[in-house]
Amino acid sequence: MCSLFGWLDYQGIVPDRMKRKLTQALANAAEERGTDAAGISYINDGKVVIFKRPKPAHKLHFNPPEGTMAVMGHTRMTTQGNEKYNYNNHPFAGFAGDTSFAFAHNGVLWNDKELRKDKLIPDTHIETDSYAACQLIEKQNKLDFDSLKYMAETVEGNFTFTVLDQYNSLYIIKGSNPICLIHFEVLGLYVYASTESIMKAALRRLGLHKFAYKIIEVTEGDIIRIDRKGDISRAEFQPKIYCSKYGAWYDWDDSSYYNMHEEILLAYCGCYGVDSSDVELLLEYGYTCDEIEEMLMDTNLLHEALRDVKYMCGESLYENCCGAF
């Protein structure tokens with residue numbers, strides 16, 4: 001797991017000092033999903049600037065210059081590509097036609113080596129699987145909804161991507177991984193983070209939770225673009241799911257196969273000392289993958305949920321289906 005975070009200021013009402021504090025607060029809160037590396041990107045005089053280091057966010061000083069309109073950030077938990085080599089860390093720099101951009105990913109891609117083997121993307125010194133998605137955009141020689149749709153439908157894995165172009169347009173490509181996007185209309189400010197808990201922690205730290213905001217719905221298969229004027233436009237891509245039983249990928253509308261996000265949760269929950277049978281039980285009782293993923297970061301929440309399930313289904317049924325709690 002990693003975390004995405006950032007903001008877009010389209011009215012210039014929020015003071016630069018507050019935006020720098022917001023950047024740092026988001027980055028520090030996002031450490032709950034990764035401390036191996038952290039980085040941000042922003043636009044300065046029409047050029048994409050990327051600052052990243054193989055350190056936890058709280059040990060870095062994120063200081064975007066005055067007049068910055070948008071920041072796109074990432075905290076990393078390494079899965080592929082040694083974080084000590086900074087070129088393996090996010091955000092990545094990309095060029096599509098005459099447009100430069102920064103790119104970040106939360107999740108794991110499983111077909112990056114196949115994409116290189118099939119010559120869909122070239123070999124590179126960057127070892128991180130995420131960079132394959134950035135290269136797919138570059139191969140389309142443009143940055144727009146069509147190229148992002150192509151990328152999202154070509155990669156295989158779990159993901160949510162963010163892209164910031166040189167014109168201060170922010171893109172969010174929502175796969176099976178979580179994202180929380182809110183809009184402070186009175187401030188002319190959009191803020192996003194991978195989870196609601198990260199968002200709330202950052203807003204509370206700055207007192208921004210006292211301002212009214214609207215949650216912007218982002219569902220799996222959405223591609224959202226927020227331009228420098230704050231206008232939102234949308235497109236869609238066709239998600240895929242992976243069925244381990246058959247070892248193959250299927251279109252999202254084939255409901256006879258397992259949800260990919262569920263499979264990933266079941267695969268890595270043991271890293272947090274949580275038995276997969278507990279995750280299966282919570283899924284059965286209607287908890288979403290995003291909710292369970294947050295619980296893995298806070299075992300108190302997980303135990304409360306399991307106690308609720310125990311109460312609903314009864315002691316004997318609970319013990320029969322997953323063992324005594």
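The model is predicted: local features need pLDDT of at least 70, side-chain atom pairs count only at pLDDT 80 or more, and totals for chains, interfaces and linings use all residues. Residues are numbered from 1 along each chain as its sequence is written, and side-chain values use heavy atoms, with hydrogens and water left out.

**The chain**

The chain has ten helices and 15 strands. Helices (H or I, at least four residues) and strands (E, at least two) are DSSP runs, numbered from the N terminus. Of the 325 residues, 52% are buried. Buried means under 20% relative accessible area, exposed over 50%, and partly exposed in between (1.4 Å probe, protein chains only). Contact means heavy atoms within 4.5 Å. Among contacts with a separation of 6 or more, 63% link residues 24 or more positions apart.

**Strand E9 and its sheet**

E9 covers residues 180-184, and five of its five residues are buried. In a regular strand the side chains alternate between the two faces of the sheet. Here both faces are covered: Cys-180, Ile-182 and Phe-184 lie on one side, Leu-181 and His-183 on the other.

E9 belongs to an open sheet of seven strands with antiparallel pairing, in the order E3-E2-E4-E1-E10-E9-E11. The edge strands are E3 (47-53) and E11, each pairing on one side only. From one strand to the next, the twist averages 15°. Angles run from 0 to 180 degrees between N-to-C directions, and axes are lines fitted to C-alpha atoms, for helices over the stretch in contact.

Two strands pair if DSSP finds at least two bridges between them.

| Pair | Bridges | Facing residues |
|---|---|---|
| E9 and E10 (residues 189-193) | five bridges | His-183 and Tyr-190 |
| E9 and E11 (residues 214-216) | three bridges | Leu-181 and Ile-216 |
| E1 (residues 3-9) and E10 | five bridges | Trp-7 and Val-191 |

The hairpin of E9 and E10 has four residues between the strands. Within this hairpin, Gly-188 takes a positive phi near 65°.

**Helices and cores**

H1 (residues 16-29) lies across E1, E2 (37-44), E4 (70-76) and E10, at about 165° to E1. H5 (residues 196-206) lies across E1, E9 and E10, at about 35° to E9.

A nonpolar core is a set of buried Ala, Val, Leu, Ile, Met, Phe, Trp, Tyr and Cys residues joined through side-chain atoms within 4.5 Å. The largest has 29 residues; Leu-22, Leu-26, Phe-184, Leu-189 and Val-191 touch the most other members. E1, H1, E2, E9, E10 and H5 each supply at least two residues of this core. Apart from it lies another core, of 27 residues, among them Phe-103, Ile-121, Ile-126 and Ala-132. Leu-26 has contacts that include Phe-5, Trp-7, Val-191, Ile-198 and Ala-202.

**Arg-33**

Arg-33 sits in the loop between H1 and E2. Is Arg-33 buried or exposed? Arg-33 counts as buried because its relative accessibility is 3%. Its side chain reaches the backbone oxygen of Cys-2 at 2.7 Å. A polar contact of 3.2 Å joins the side chains of Arg-33 and Glu-293. A polar contact is a pair of N or O atoms within 3.5 Å; within protein, one must be able to donate a hydrogen and the other to accept it, and residues adjacent in sequence count only if both atoms are side-chain atoms. Beyond its neighbours within four places in sequence, Arg-33 is in contact with residues including Met-77, Asn-106, Pro-178, Thr-195 and Met-297.
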